[in-house]
Amino acid sequence: MVSLALFVLAGLAEIGGGWLVWQSLREGKGVGWLVVGAAILFLYGVIPTLQPIPHFGRVYAAYGAFFIVLSLAWGRWVDGWMPDRWDLVGAAVAVAGAVLMIWGPRDT
């Protein structure tokens, strides 16, 4: 459960921080949005180091699935964009891969 919570927290930090930077640079919201976004993106870099999973590559590879799902949810609920069925199928495939990477049986 700790891993799952950290994946979600990292995803929200990356997407939220990136969205704030986007708002500043693409939508002209101002430098304050940029600074807050950059600070949140820094936190995104820190959060994965708290993972109990010992391998950097596995953590970041599995995190990709959480990023995909959270990006689609952000697009839907924050930007009002509706993912289509292929977005959802692709996200499901990514989540299945992440589950195998994180909780799959290991030889060692």
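Accessible areas come from the Shrake-Rupley method with a 1.4 Å probe, and for residues only the protein chains shown count as cover. By this method the chain exposes about 6900 Å², and carbon and sulfur atoms supply 72% of that area. This is a predicted model, in which local features need pLDDT of at least 70 and side-chain atom pairs count only at pLDDT 80 or more, while totals for chains, interfaces and linings use all residues. Residues are numbered from 1 along each chain as its sequence is written, and side-chain values use heavy atoms, with hydrogens and water left out.

**Overall layout**

- The secondary structure of the chain consists of four helices and zero strands, where helices (H or I, at least four residues) and strands (E, at least two) are DSSP runs numbered from the N terminus.
- Read from the N terminus, the elements run α-α-α-α.
- The C-alpha trace spans about 50 × 35 × 20 Å along its principal axes.
- Of the 108 residues, 31% count as buried; buried means under 20% relative accessible area, exposed means over 50%, and partly exposed lies in between (1.4 Å probe, protein chains only).
- Contact means heavy atoms within 4.5 Å. Among contacts between residues at least 6 apart in sequence, 59% join residues at least 24 apart.

**Helix α3**

- Helix α3 covers residues 56–77, which is 22 residues.
- From its first C-alpha to its last, α3 reaches 31 Å, close to the 32 Å expected at 1.5 Å a residue; the expected span is 1.5 Å times one less than the number of residues.
- The buried residues of α3 are V59, A62, Y63, A65, F66, L70, L72, A73 and G75.
- These buried residues pack against α1 (2–27), α2 (31–46) and α4 (85–103).
- S71 is also found in α3, but S71 counts as partly exposed because its relative accessibility is 25%.
- S71 and L12 are 59 residues apart in sequence, yet their C-alpha atoms are 8.6 Å apart in space.

**Nonpolar core**

- A nonpolar core is a set of buried Ala, Val, Leu, Ile, Met, Phe, Trp, Tyr and Cys residues joined through side-chain atoms within 4.5 Å.
- The largest such core has 15 residues, of which F7, Y63 and I102 touch the most other members.
- Helices α1, α3 and α4 each supply at least two residues of this core, and α3 gives the most, with five.
- Leaving aside neighbours within four places in sequence, I102 is in contact with F7, I53, A62 and F66.

**Nonpolar surface patch**

- M1, L4, V8, L12, I68, V69, V95, V99 and W103 make a nonpolar surface patch of about 780 Å².
- Patches are made of residues with over 30% relative accessible area and no salt bridge; like charges are joined within 9 Å, and nonpolar side chains (Val, Leu, Ile, Met, Phe, Trp, Tyr) within 5 Å.
- A salt bridge is a side-chain nitrogen of Lys or Arg within 4 Å of a carboxyl oxygen of Asp or Glu.
- Helices α1, α3 and α4 each supply at least two residues of the patch.
- One of the patch residues is V95, placed in helix α4; V95 is partly exposed, with a relative accessible area of 34%.

- Q23 lies in helix α1 and is buried, with a relative accessible area of 9%.
- S24 is in helix α1 and is buried, at a relative accessible area of 10%.
- Residues up to four places away in sequence aside, S24 touches K29, G30, V31, W33 and L34.
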